[in-house]
Amino acid sequence: MIALPGLNLTSAPAEPLNLPAAAATRIQDLAANTEYRFEVSFGRALTIRLLSGTAEFFGTELGPSATYTFQGTKGSVFTWHGCKLEIGGQAESEYVAEETQMMSYVNAHFAVESLRGRSAATGEAGPGVLVVGPNSSGKTALVRILMSYAVKSGRQPMAVNLDPKEGMLSVPGSFSAVAFSSIVDIEDGWGSSPISGPSPIPVKMPLVYHYGLANPEEGKIFKPLVTRMALAVTSRLEEDHASRQAGFIIDSSGLIAQGKSGVYDNIEHIISEFSVNILFVLGSERLYSDLTRKYSNRPGEEPVSVIRLDKSGGCVDRSEEYMKQLRQAQIRSYFFGHGTDAALAPSSQMADFDDLNIFKISEGQENDSFRPGNDGDDGYGASNGIYEKETPSSLIQNSLLAITTAAANDRPDVIRDSSVRGYIYVADVDEVKKKVKLLSPQPGHTPPNALVFGSFPEDVPALVS
Amino acid sequence: MSLPSVEVAADFKDALQDLKQNNRPEISNLTIIAKENTEHAQAISVELENHIRTTRPEWKLPALYVLDSIVKNVGTPYTVYLGRNLYRTFMDAYTLMDQGTRKAMEGLLRTWKQPVPESMEARPVFSPDVTRDIENALNKYSKLAMQHGLPARPVSNPAWRNTPTPPQNITRYAAPNDPRVRQPFPPTQQYGHFPATPPTQYPSMQPYPQPVSSSHLEDLKAEVAKLIATTQNAFASNLADVSLRTKLQALLDLQKILNTQTLPPQQLEAVRKQVQALAPSTPYPNFVPSVPIQPPQQPLPMFPPAGAPVNIAQLLANAGIPAPPSSTPVAPTPSLADMLRRVSSPAQPSSTPTPNLPFFLPGFSAPPAIPTSVPAAVPASAPAQTGTPTANLAQLLSQFGKPIAAPALVTAPQQPNSLPQLLAQSPSAPTIGSADWLINALKGVPASTTPSSSTPFPSASMARQLSAPINIQAEVELTTASMKKPRLHLISKLYEAIPNICATCGRRFENTPEGKQKKARHMDWHFKVKDPDAAKRGVHRSWYISEKEWIDYREVDETSPEQTSNGAIGSSAAVKKQAKDKYVPVPQDPTLLHAPCPICQEKFDPRWLVEANDFVWMDATKVGGKIYHATCWEEYSKGAGIPTPSTPDSVLGKRKAEVSTPASAKKVRAY
């Protein structure tokens, strides 16, 4: 495996857009308790600047003298006190909504916050929150709002993302956990994981696992990964007092909220593994009623408060096309950074086939047929079916490989349970010369660790041109 | 915004109900509500007055602060509406407060006599007519308190406090170093004979004439004093415990009885037994040395004034939950009441000057002329719960009232006019001085005026109150229905409570010295990371940290004082500069830039170094126009006998032994 200094492809212009020098800006007045909702496509940019009053973007307050640029974003700027915004650029759609769910979300925050206060006083564990709901019901938005408010209240809460559709401080298909002590970024989703230089936004230090599939209901590694993650988070919270008091907030996938005939196996698994004690159900009445029934009357067990919150009117169904673009943007920003100012320089490398130990995640359906009855918890130890060793081929071209902390000869369940150091992108596979061109986030060796390859996120063509 | 007054007032009232401590955001929020609804000022004022009148005594002061904040920040029309009844609002509350709170209230009153600070307005907050009446009333009280010989200021050590009635001339167990304690003995004796430490004090007291079984009495008093001290300690560590508070109160009262009344020897003996039963661990002759000395930092008001009948129900509810953290049992309030009934009913009202207490003024400091009147002849409730002895003690105590008649005690005749009036507000107020009144008053004691709990209240700053809330009230219940209730007043916790906003990123900081420091560091950080050249230097994404590192990792806020950066490792810990801490700036020369270390053939990792304010190669050293890994070079040069340039004292040669401090957000190697 040689790194070829000459073959430096970092110049890939990741951001094809040239921001038109926001020629025409307009003023948008917002009355108190209203929000400005907007959708911006990936090719365009919308700038928002707060002129007076206060405003917040998913709970994070806009700085009075900052101009925020949004690309490929569906978001909203809410104001408690009324504000005046200066808006530049073009939005796909934009309108002012007077009916928002912010009151109930802020109530949710203060309800959780009082538990944090209690935890600070008594020393017991802080609140464990899980947000569930169907797709596009505003789960991630709620988690962001709750996180932002908690950070603003001087807490250091832990955010846990168990939704593979969108990454949190990482690429899609990953699960991550991170304690927030600094503000949640406005422009760049959750902010940025550490980079080698200074970052204008305080970086967050996530723990990342690779899930590698789109649907948590498929395959057999969701539960073990949740268990593993819960273990790590619980261990951290044992010692980390600031985070312990503040507790954690888990974002989940909409797919686990569908359930099978009223049984929500994965939700229950998350609740029991993380010792969740507050369950916010967004939108779905049925889910709420099923979960209330399940958790309302369990004598002798830790009580779980099930609370329904209304879905915000601002939640829009995000098309698969948009989601795909969003995922690609996330992956791009992992390697190249977000926006124009924080451009990162990944490094291009060549590697021999033999240097790469790639394990492909077996899809769930196949395994079920192979190993009938070997599902659920039994699958933990019998891990033969988790991975298949994959020889590099054009199949893996344009895909992401997760660099695990496990060695190549580790048992499959060890590989499965190991966290991720980062991702490399397979730019090209030369089957004749048995060479692979890789894009690595940083120069130096690609570690000889086990690399995991899953069907999700899908291929990202032309990440390196 | 044309809500009817009723609705606005109801909202305001709801918000007021939540105000249970001196909480600045809540107070400012209430002020804002008042400010935004001046058209409903009358309704709001009435609501506020009602709240101050009816809420529990310990919540009155915060409510008064709301009043204060409104009149100062909003002014008219609130000053008009609130001014009308200010006398009553103020004095009603004043009479129910303990000394510390009263002091705080007097402070408030003082500011009301002056114009609002930093305002253009030259007139005082409230018109002098309003404040003058209150002042006069307060002066009357202070006079009264003087006549009754009530102590002026909290005595730092109630365990040694003494309040004898001169005719009995009982030796007191006095704090020798507390000049405020009234002494019937000549001061020279007091200070000449008594050593400064309590333990030795006791024997030296023996020679003094004792009317009745003095040694027993002294023993008993000391025993009680010790119990008080223990209870105080327990209470100090658990201020919220109402039962402890009650117990402490009862013990203090018992001490008073012992100090002021002459009891028949057999009664004393019986009481002594009871008290000893409470503290069986200490043998009777040796108790004195074991008396814990009160830490000076918890000054306790000496005479807790009586509370008002209004609060009895609440107090009972509180006191009814005995949760004694200490070994000594606690009397439930009802038995205290029973005992009180027995004690006080046969006694002349004049012997129990409790009614005076509400008028006792903390600011008053002249030594009392007639040290006769003791606030309350109250039995100790503490022993009452020990089980079998309960009845005995109760009986004993019931006799306390009889033998005493403190001469020439003046109470009822000298009541200021407002007292009857005040009491009349409470529908069930019994006749002053009657047993029931006393009982009620005493029942009011635990919650409104505990010695210990009162001290932090006026003295603690708002910030302290905020940072160390003892009782966190769940303001928002965790139910689906509760989520929909609008609670706009809470929003201020996210905005007004943290007013100091960073213009760059919108992060907010508290308006406290600490908050300002944090903001300063935060701004420094903004400055530090603003590097226009960063993009040109090949910054790259770092690897994520491993599970183990993550579990041990602690977030480092950019506002925390120890800005742990990469450089901190070298500067703080290593006096000896280690090879791996050496660095060279990333060279501009392209050949050098791409050249690996000539020894190990590995490339260098550029990385941002805060110290150097530049991108550097760590663990690198430049020798003869080439850049080597410092550790490689060191190993090599040691073998070859070539002196290492610049820093010769490095010996640790473990190559690439990176110190991964979890705090530093630096690159972590994947292998």
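**Reading the model, feature by feature**

Visitor: Let's begin with a helix. Which residues of H7(B) are buried?

Guide: In H7(B), the buried residues are Gln99(B), Gly100(B), Thr101(B), Arg102(B), Ala104(B), Met105(B), Glu106(B), Gly107(B), Leu108(B), Leu109(B) and Trp112(B). Buried means under 20% relative accessible area, exposed is over 50%, and partly exposed is in between (1.4 Å probe, protein chains only). With eleven of its 14 residues buried, H7(B) is mostly covered.

Visitor: What should I know about the model and the labels?

Guide: This is a predicted model, where local features need pLDDT of at least 70 and side-chain atom pairs count only at pLDDT 80 or more, while totals for chains, interfaces and linings use all residues. Residues are numbered from 1 along each chain as written, chains are lettered from A and ligands numbered from 1 in written order, and side-chain values use heavy atoms, without hydrogens or water.

Visitor: How many residues does H7(B) have, and how far does it reach?

Guide: H7(B) covers residues 99-112, so count 14 residues, and its first and last C-alpha are 20 Å apart, close to the 20 Å expected at 1.5 Å a residue. The expected span is 1.5 Å times one less than the number of residues.

Visitor: And chain B as a whole?

Guide: Chain B has 27 helices and seven strands; these are DSSP runs (helices H or I, at least four residues; strands E, at least two), numbered from the N terminus. Of the 671 residues in chain B, 55% are buried. Among its contacts (heavy atoms within 4.5 Å) with a separation of 6 or more, 72% join residues 24 or more positions apart.

Visitor: How do I read two packed helices?

Guide: Two packed helices are described by the angle between their axes and the distance between the axes. Axes are lines fitted to C-alpha atoms, for helices over the stretch in contact, and angles run from 0 to 180 degrees between N-to-C directions. H2(B) (residues 24-36) and H4(B) (residues 57-73) pack at about 45°, with axes 9 Å apart. That makes H2(B) oblique to H4(B): under 35 degrees is roughly parallel, over 145 roughly antiparallel, 65 to 115 roughly perpendicular, and the rest oblique. On the H2(B) side, the contact is made by Ile27(B), Leu30(B), Thr31(B), Ala34(B) and Lys35(B). H4(B) brings Pro62(B), Tyr65(B), Val66(B), Ser69(B), Ile70(B) and Asn73(B).

Visitor: At what angle do H3(A) and H5(A) pack?

Guide: H3(A) (residues 222-239) and H5(A) (residues 265-274) pack at about 20°, with axes 9 Å apart. They are therefore roughly parallel to each other. Residues that meet include Phe222(A), Val226(A) and Val233(A) in H3(A) and His269(A), Ile270(A) and Phe274(A) in H5(A).

Visitor: Which residues does a cis peptide bond join?

Guide: Phe456(A) and Pro457(A), with omega about 0°. Pro457(A) lies in the segment after strand S23 (450-453) of chain A.
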